[in-house]
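Reader: Please show me the model. I would like to go through it in short questions and answers.

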Amino acid sequence: IEKSFVMMKPDAVSRRLIGKIMSRFEEKGLQLIAVKLLQVDEELASQHYGEHKDKPFFSGLVDYITSSPSLAMVIKGDDCISVIRKIVGATNPKEADLGTIRGDFAMDTGRNIIHASDSPSSAEREINLFFNSNEIFDYEISDQGWIYE
Ligand code: GTP
Ligand code: MG
């Protein structure tokens, strides 16, 4: 069972989309095991998006991510890293399939409302960057036999 780091960016929170976006993950059968509202600061943004530090869009990305509170989460489920990337959709919301979060709720790459880890190693790194171990919960939900064979 995998864990992924997912974050609703400032536009998602400020556009009051938290409930709608959270429903997509819950309805799929994934399990929320950590959540917090936080204002990402410049240092955390630079660490989180360190792989993009030399890209032309980096300073705009940091301004966007630090502009207002975000909702950070850890989500658990079978193959959830790739499943969640599919639910989130392509980086450019204009190209993202309808039915995906970005395809349904966003217009611009620079305002694409949500982040999701892209590999097991980035998931582990990002979860540790945003959460202490005592903020992540291990609990049973009774419907698992209806979700997994
Ligand atoms: P994340 O889940 O946020 O990491 O998005 P991603 O994995 O789909 O894309 P990537 O890691 O390549 O880029 C990280 C974020 O930088 C994107 O989600 C965008 O918010 C932003 N970004 C990427 N490319 C561009 C670009 O060409 N222009 C602008 N303005 N922003 C970009
Ligand atoms: Mg990425």
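Reader: Which residue just after H5 takes a positive phi?
Author: This is a predicted model, where local features need pLDDT of at least 70, side-chain atom pairs count only at pLDDT 80 or more, and totals for chains, interfaces and linings use all residues. Residues are numbered from 1 along each chain as its sequence is written, and chains are lettered from A and ligands numbered from 1 in the order in which they are written. Helices (H or I, at least four residues) and strands (E, at least two) are DSSP runs, numbered from the N terminus. The phi is about 90 degrees, and the residue is Gly89.

Reader: Which residues of H5 are buried?
Author: Buried means 20 or more other C-beta atoms within 10 Å of a residue's own, exposed means 12 or fewer, and partly exposed is in between, with C-beta atoms placed from the backbone. H5 covers residues 80–88, and its buried residues are Cys80, Ile81, Ile84, Ile87 and Val88.

Reader: Within what arc do the buried residues of H5 fall, seen down the axis?
Author: The arc is taken over the directions from the helix axis to the C-beta atoms. The buried residues line one face of the helix, because they fall within an arc of 125 degrees.

Reader: Is Arg85 buried or partly exposed?
Author: Arg85 sits in helix H5. UniProt, in an unreviewed entry, lists Arg85 under "binding site"; such annotations may be inferred rather than shown by experiment. Arg85 has 17 other C-beta atoms within 10 Å, so Arg85 is partly exposed.

Reader: Which residues does Arg85 touch, not counting those up to four places away in sequence?
Author: Contact requires C-beta atoms, placed from the backbone, within 7 Å. By that test Arg85 touches Ala116 and Asp118.

Reader: Is Thr91 buried or exposed?
Author: Thr91 lies in the loop between H5 and H6. Beyond four places in sequence, Thr91 touches Thr109 and Asn112. With 10 other C-beta atoms within 10 Å, Thr91 is exposed.

Reader: How many residues around ligand 1 are charged?
Author: A residue is near the ligand if its C-beta atom, placed from the backbone, lies within 6 Å of it. Those around ligand 1 include Thr91, Asn112, Ala116 and Asp118. Ala, Val, Leu, Ile, Met, Phe, Trp, Tyr, Cys and Pro count as nonpolar, Asp, Glu, Lys and Arg as charged, and the others, Gly among them, as polar. The shell has three nonpolar and seven polar residues, and the number of charged ones is one.

Technical notes: Two residues are in contact if their C-beta atoms, placed from the backbone, lie within 7 Å.
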